[in-house]
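Subject: Structure handover

Hi,

Here is the structure I promised. Please load it before you read on. My notes follow below.

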Amino acid sequence: MRRESLLVLGICWFLSSSEGVNPGFAGRITKKGLDYACQEGVATLQKDLPAITLPEFSGSYRVKMIGNVNYRFYSLNIRRFELFHSTIEPMPGQGLRVSVSNALAEMTGHWELKKRWLKDDGSFELKLDGISISVGLKLGSDDTGRPTVTTLDCNTHISNVDIDISGKWEWLYNLFERKIESSFKAVMESKICEMVRISVNSKLQSHLQSLPITANIDHTSSIDYSLVGPPVATSQCVDLDLKGEFFSTAHRSPAPFPAPPLSFPLDPNRMVQFGISTYFFNTAGDVYYKSGSLTFWIVDEMVPPEVKIRLNTSSFQPFIPQLKKLYPNMAMKLKVSPSSVPSLSISPETLSLTPSVDIQAFAVLPDSSLAPLFVIGATSPVSAKIDVNSTRIFGNLKLGRLKFSLKHSDVGFFTVRWMGFFFA
């Protein structure tokens, strides 16, 4: 089978659960989701299977008064393949059970028959009715955190085989047609499972081993989404736990804090569910904080025109009298940087963050060098209520009151209450 034909099997890598290692990101496919995956996989199989060329069949049979007759059926092509009923069911503690029942296949091909004094060839039509296939798949993960899948078992049964052979010696073909059909049935039942095992254990497994487990976000960070444990199937769903960790692209080191437990209730009405831990967001904050990427500068050109207080010492002079004496009529720059690693907390309904930043002010001297003026600390609680529908993520963002404190001053003490006007 081609790799595309195995999409119905390939979902096995999509979800799992861990033992002892908490994930930063988790997902779940419910039985409803598996049913949908089955429908899509069946559509792909029915589209791709007619392009498959089956192996040839050959052998010999003894016919009374004639002796052994050698035959060969080759260039077998699937002309029609119908999957009337198929399912994917989780097998608790193991993986998935893929089942096909009451399938129908029609094939065409060529044949040749040889006896020392007799030779004939032609075409044939083959119809297989009542095909049932049951495949057990074991889900796992390797040391790199990539998914694995192996075949636990495979059983195939074909209820009826009907072959229609055309040729000059029809009376001869009728003598062993039933034997040919019986041979076809036994060989096809064996070949189907052989093809499934090869496709799963070789082609599909090779594809899974090539899957990336990290992704670059930018020049600063990447995300590790490898599995932290083997897939876990229950009677109602299949789960996966992913590392869900940001790390520095330049220098990777372990996160300075562990991932908390992550769990969420099963909703059988949804096909797929996802859970995101605070670990996912907070490792991002840690990486960007340590890299300095969260630091930025504010200059007067960035201040909206409607703001009366401009970013120069003349505008700040009424609040800081020493500026007129020390740095009269000079431009200013503000350096904004986090004073600590941003830390997000998640409750069942709300995301909460209280960023803490330092605002360091400088006067721009005539030679373009910077003279330090003061450092002000600022905090503001931020909360968001998030909801999800079938097409988008939406929510409400609430900003708390900004609080300022004077951490250091090179221009004497002053009150910082006026800063609220500038940053409002």
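What covers the buried residues of helix 4? The cover includes strand 10 (221–224), strand 13 (245–248), strand 14 (272–276) and strand 17 (344–346).

Some ground rules. This is a predicted model, where local features need pLDDT of at least 70, side-chain atom pairs count only at pLDDT 80 or more, and totals for chains, interfaces and linings use all residues. Residues are numbered from 1 along each chain as its sequence is written, and side-chain values use heavy atoms, with hydrogens and water left out. Helices (H or I, at least four residues) and strands (E, at least two) are DSSP runs, numbered from the N terminus.

**Helix 4**

Helix 4 spans residues 278–291, 14 residues in total. From first C-alpha to last it reaches 20 Å, close to the 20 Å expected at 1.5 Å a residue. (The expected span is 1.5 Å times one less than the number of residues.)

Ten of the 14 residues are buried. Buried means under 20% relative accessible area, with exposed over 50% and partly exposed in between (1.4 Å probe, protein chains only). Among the buried residues are Tyr279, Phe280, Asp286 and Tyr288.

Now the two ends. At the start, a side-chain oxygen of Ser277 comes to within 3.0 Å of the backbone nitrogen of Tyr279. After the helix comes Gly292, with a positive phi near 80°.

**Aromatic pairs**

The structure holds ten aromatic pairs. Rings of Phe, Tyr and Trp (its six-membered ring) pair if their centres lie within 6.5 Å; planes under 30 degrees apart count as stacked, over 60 as edge-to-face and the rest as tilted.

Phe73 and Phe184 have ring centres 5.4 Å apart and planes at 70°, so this pair is edge-to-face. Phe73 is in strand 4 (residues 67–82) and Phe184 in helix 3 (residues 170–209), so the pair ties together parts 111 residues apart in sequence. Both Phe73 and Phe184 are buried.

Phe124 and Phe184 have ring centres 6.3 Å apart and planes at 45°, so that pair is tilted. It links distant parts of the chain: Phe124 sits in strand 7 (residues 118–141) and Phe184 in helix 3, 60 residues apart. Phe124 is buried, at 2% relative accessible area. Phe184 is also at 2%.

Tyr71, Phe73, Phe124 and Phe184 make up one aromatic cluster.

**Charges over rings**

A charge sits over a ring if NZ of Lys or CZ of Arg is within 6 Å of the ring centre and within 35 degrees of the ring normal. The charged end of Arg72 sits over the ring of Tyr74, 4.0 Å from its centre. Arg252 lies over the face of Phe247, 3.9 Å from the ring centre.

Best wishes

Terms used:
Contact means heavy atoms within 4.5 Å. A polar contact is a pair of N or O atoms within 3.5 Å; within protein, one must be able to donate a hydrogen and the other to accept it, and residues adjacent in sequence count only if both atoms are side-chain atoms.
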